[in-house]
Amino acid sequence: MTSADALIEALLSEAREKAEKIIQDVKKTAQGTLEEQRKKGRERAREIVSSIDKKAQNDSLIIQLRNKTSAESKAKWLILEKKHELIENVINQVKDELRTLINTDKYIHFLENLIVEGGIILGVTDLEVILNEKDSTLPLELDKLAEKIGEKTKSKTKITKSAKKIDAIGGAIIQTTDGKIAMNNTFEGMLNNSESEIRFKIAQTLFT
Amino acid sequence: MLEVLKKIKEKQQEAKKIIYDASIEAQKIKQGLLQKSLAVNEEVFLAEIAQAEKRADELQKSSSLGIDREIIQILSRGEQQAKEIEIKAKANHEKAVNNVLEMIFNRSEIK
């Protein structure tokens, strides 16, 4: 190899090295730039990611709380339904007992008392009693009952039996003859009128 | 001698071209990089959000599962309480019936 050839070879070799370095440098810069952009992309997403994470945590707590509250409500309902059922059982038995009572001898006396009590409360001279089909056949001494009422109200009282019939286990509706004022002393009426007190008393007896 | 000089000059030109070509290639790489870097930025941005959403979904699912045991316990406690109430109530059932009958028979107590 001549010295000229060596010089040429050196020139070309140097050029190739420079070219290689240019490419390598730009590739290195490219790697750095891409890494930088990845970082920027993550940075840009950080706030949104943080908000998604926070929302997910909150949602998770809400779901847990909601499910727990729903379960607690179900449990409470379970207990309330059971209590309601037990109270209903008592009321049903009370009605059964009353159905038994109406077939006993003492019922007529009890019915008379209810009529007198209603008459005294109404405090008018002309009264009418409405009974169920069965009780309408009972030998009620209405004149004597009217007397008893009159003694209490200090006025001459008259009681008549209405031709109307009521659908009730027992007891009577006592009303003025024009029907404007009435006292519902049927068993159902008494149970309905005092329903909340009765249920309260049953609950007290059953659950405390 | 002239021949040699001419050859050297030619090779100098060739060397310059090698460097020039490399610069052009570098420019192309830079231009490609500009577009790629924007895409990479967006890609990472979207991937981070997608991962966060996936985490959120998993957390939502696991939060429902995690509380199942507690819910079963709450319901079971409720059932147990209902049973205890029923046992106690059955023992007092007759007394409650009699109390109500007494209220009906003794009207003054109701009023």
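A:Lys154 sits in the loop between α3 (142-153) and β2 of chain A. This is a predicted model, in which local features need pLDDT of at least 70, side-chain atom pairs count only at pLDDT 80 or more, and totals for chains, interfaces and linings use all residues. Residues are numbered from 1 along each chain as its sequence is written, while chains are lettered from A and ligands numbered from 1 in the order in which they are written. Helices (H or I, at least four residues) and strands (E, at least two) are DSSP runs, numbered from the N terminus.

- Is A:Lys154 buried or exposed? A:Lys154 is exposed, with 8 other C-beta atoms within 10 Å.
- Here a residue is called buried if 20 or more other C-beta atoms lie within 10 Å of its own, exposed if 12 or fewer, and partly exposed in between, with C-beta atoms placed from the backbone.
- A:Lys154 has a positive phi of about 60°, although it is not a glycine.
- As background, most residues other than glycine have a negative phi.

**Strands of chain A**

- Two strands pair if DSSP finds at least two bridges between them.
- Strand β1 (residues 126-131) of chain A is joined to strand β2 (residues 158-165) by five bridges, and the two run parallel.
- In this pairing, A:Asp126 stands opposite A:Lys158 of β2(A).
- β1(A) also pairs with β3(A), this time in the antiparallel sense, over four bridges.
- Strand β3 (residues 171-176) and strand β4 (residues 182-186) of chain A run antiparallel and are joined by five bridges.
- β3(A) and β4(A) form a hairpin with five residues between them, and A:Gly179 in the turn has a positive phi of about 75°.
- β1(A) is mostly covered, with five of its six residues buried; for β3(A), five of its six residues are buried too.

**A closer look at A:Ile130**

- A:Ile130 lies in strand β1 of chain A and is buried, with 21 other C-beta atoms within 10 Å.
- Which residue of β3(A) is the bridge partner of A:Ile130? The partner is A:Ile173, and A:Ile173 in turn has A:Asn184 as its bridge partner in β4(A).
- Leaving aside neighbours within four places in sequence, A:Ile130 is in contact with A:Ser162, A:Lys164, A:Ile166, A:Ala172 and A:Ile173.
- Being in contact means that the C-beta atoms of two residues, placed from the backbone, lie within 7 Å.
- A:Lys144 is 14 residues from A:Ile130 along the chain, and their C-alpha atoms are separated by 17 Å.

**Domains and cores**

- Chain A is divided into domain 1 (1-101) and domain 2 (105-207), with bounds that come from an automatic or database domain assignment.
- Taken over C-alpha atoms, the centres of the two domains of chain A are 74 Å apart.
- Eight residues from domain 1 of chain A and nine residues from domain 2 of chain A take part in their contact.
- A nonpolar core is a set of buried Ala, Val, Leu, Ile, Met, Phe, Trp, Tyr and Cys residues joined through C-beta atoms within 7 Å.
- The largest nonpolar core has 18 residues, of which A:Val90, A:Phe187, A:Ile202, B:Ala96 and B:Val100 touch the most other members.
- The elements giving two or more residues to this core are α1 (3-101), α4 (187-193) and α5 (195-207) of chain A, together with α1 (2-105) of chain B.
- Its largest share, six residues, comes from α1(B).
- Why does this core lie between domain 1 and domain 2 of chain A? Both domains give residues to this core, so it lies between them.
- Not counting residues up to four places away in sequence, B:Ala96 touches A:Val90, A:Ile202, A:Thr205 and A:Leu206.
- Another core, of 16 residues, lies apart from it and includes A:Leu111, A:Val116, A:Ile130 and A:Leu131.

**Where chains A and B meet**

- The contact takes 60 residues from chain A and 61 residues from chain B.
- On the side of chain A that touches chain B, α1(A) gives the most, with 49 residues.

**Confidence**

- The mean pLDDT of chain B is 89, and 95% of its residues reach 70 or more; pLDDT is the predictor's confidence in each residue, from 0 to 100.
- For the complex, the predictor gives an ipTM of 0.73 and a pTM of 0.70.
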